[in-house]
Amino acid sequence: MASATLSVPGTALAAPLAATPLTSVVPAPVSVTSTAGVVNTLTSTTSIYVEPGSAPAAQVGGYLASLLRRSTGYPLPVADAPSPLPGNGIGLLLSGAPTNVGAEGYQLDVTSSSILIRANQPAGLFAGVQTLRQLLPPAIESSTVQSGPWTVAGGRIVDYPRFPYRGAMLDVARHFFPVAVVQRYIDELALYKVNRLHLHLSDDQGWRIAINSWPNLAIYGGSTNVGGGPGGYYTQSDYQAIVAYAASRYITVVPEIDMPGHTNAALASYAELNCDGVAPKLYTGTKVGFSSLCVNKEITYTFLDQVLGEIAALTPGPYLHIGGDEASSTTAADYNAFVVRVHQIVAAHGKTIAGWHDIVHAQVPPAEIIAQFWGTTTTDPAVSDAARAGAKVVMSPANHTYLDMKYDARTKLGQRWAGFIEVQTAYGWDPGAYLAGVGEASVLGVEAPLWTETIQTLADIEYMAFPRLPAIAELGWSPASTHDWTAFSQRLGAQGPRWRVMGVNYYPSKQVVWPTGS
């Protein structure tokens, strides 16, 4: 296939005229049929046509237009789709897609005269747009006008997700990140069809969301972070802005308030939450397991009801994550009684309880919980028993998915307690057949957590997330039959020039061949 050099300020991108799904798209699509010799080229007269009368489809069309206008300089007007569709257009329609693609799947057809994305729901249109982005040359991601050409290879893609939950977790408690940083990460997640953002909003080192009924949590408990920096917190308006921005990218926010351990910031903010009535000092270290809410005090449950109630009211998504891990300072009996009470509180606020897989040890109905597995082994009898009894499991094995683990001994950022995780290790497992006794039907999906004891900036986030995050995203979206390291590493390498244009500070793993322009 012929190639052309695309001019981007500060870069020299040798990009194919028309990338193909088999060589450029992450996650791998379910089905690809190429049409040899057919190429569609965007021009200054290209228009975007959307499902008539559908505000969500119009919003996806506007999103696509805003992306393409920056780099092409074309007007790309967005209008309701006439029938029949005219040539030289991009169509976004909520009809004609195969029923089996579900709510998030799509069909993308590329001919020499048009590009047509069909879906059953707007989320599917949005997913199809992410694939279209990756079929266009990397310079399409530029924030300034480039020369093109803007070509897409001809063919048909039919695509839909393997798992409904494809997540990333960002710890904003150990180090605080402003709204703009979180929104930038949301945009990066969306490109790889991630649809859940788990925000770790509280821990020993900081409380990061304003609670009107307990204001000192944010004002005092949010005033520091690991290493003693100034910390910070989200106002409720800030949090709502994050939730709304994520929703515009078809990502659901999963808020976490960790409990009964990992609670020093709360305990320092209100003495009455401590069993002895004495507030500890703020904590800026990195040890775990030393703090606990006073599970035998009734005020603890008043506190949690009010905190979780305020967060539930701000969160349209179905989940409240209660943490529940590393509660070393809570006895087993107290832990059980605590989780049972909190389960009732979460349910009373109309949400489903999620937690780290430790919560399966409590006597709550397994069918009513989401257990996030973070172990480093492939066996956990308690989790497998819970799964057999109806619990759904989000797979986050720390030795494959924890983005804060170092790539190797030379990595300056991160930790190593779960081992080094190079990109092939992040990719080299099957979520549906990983944990003994937890079959694919019990797996809700996957999540890539990023703990931030050593992470302080957007550049740090990106360096640890990329290229591993796309690997885990593919495990959540693509069928198991596409799982092949050689093919994936080629498609992953094709992201390098795109990330360079986007300004993503990625780790250039030596396990991947990065093309010119990466």
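User: How much space lies in the largest cavity?

Analyst: Rolling a probe the size of a water molecule over the atoms shows where empty space is left. In this predicted model, the largest cavity holds about 110 Å³ of space. A cavity is a set of points, on a 1 Å grid over the protein atoms alone, where a 1.4 Å probe fits but cannot get out. Grid points are joined across faces, edges and corners, and a volume is the space filled by probe spheres set on the points. Local features here need pLDDT of at least 70, side-chain atom pairs count only at pLDDT 80 or more, and totals for chains, interfaces and linings use all residues. Residues are numbered from 1 along each chain as its sequence is written, and side-chain values use heavy atoms, without hydrogens and water.

User: How does the lining of the largest cavity divide?

Analyst: Into seven nonpolar, two polar and four charged residues. Ala, Val, Leu, Ile, Met, Phe, Trp, Tyr, Cys and Pro count as nonpolar, Asp, Glu, Lys and Arg as charged, and the others, Gly among them, as polar.

User: What volume does the second largest cavity have, and which element gives the largest share of its lining?

Analyst: Its volume is about 90 Å³. Strand E9 (150-159) supplies five residues, the largest share. Nearest the centre lie Pro21, Ala153, Gly154, Gly155 and Arg156. The lining has seven nonpolar, five polar and one charged.

User: Now helix H6. Which of its residues are buried?

Analyst: An α-helix has 3.6 residues a turn, so residues three or four places apart point the same way. In H6 (residues 236-248), the buried ones (under 20% relative accessible area, 1.4 Å probe, protein chains only) are Gln236, Tyr239, Ile242, Val243 and Ala246. They lie on the same side of H6 because they cover an arc of only 120 degrees around the axis. That arc is taken from the directions from the helix axis to the C-beta atoms.

User: What do the buried residues of H6 pack against?

Analyst: Helix H4 (179-190), strand E11 (196-200), strand E14 (252-259) and helix H8 (298-314). Contact means heavy atoms within 4.5 Å.

Note on methods: Helices (H or I, at least four residues) and strands (E, at least two) are DSSP runs, numbered from the N terminus. The expected span of a helix is 1.5 Å times one less than its number of residues. Buried means under 20% relative accessible area, exposed over 50%, partly exposed in between (1.4 Å probe, protein chains only). On a 1 Å grid over the protein atoms alone, a cavity is a set of points where a 1.4 Å probe fits but cannot get out, and a pocket is an open set with protein on both sides within 12 Å along at least five of seven lines; lining residues have an atom within 4 Å of a point.
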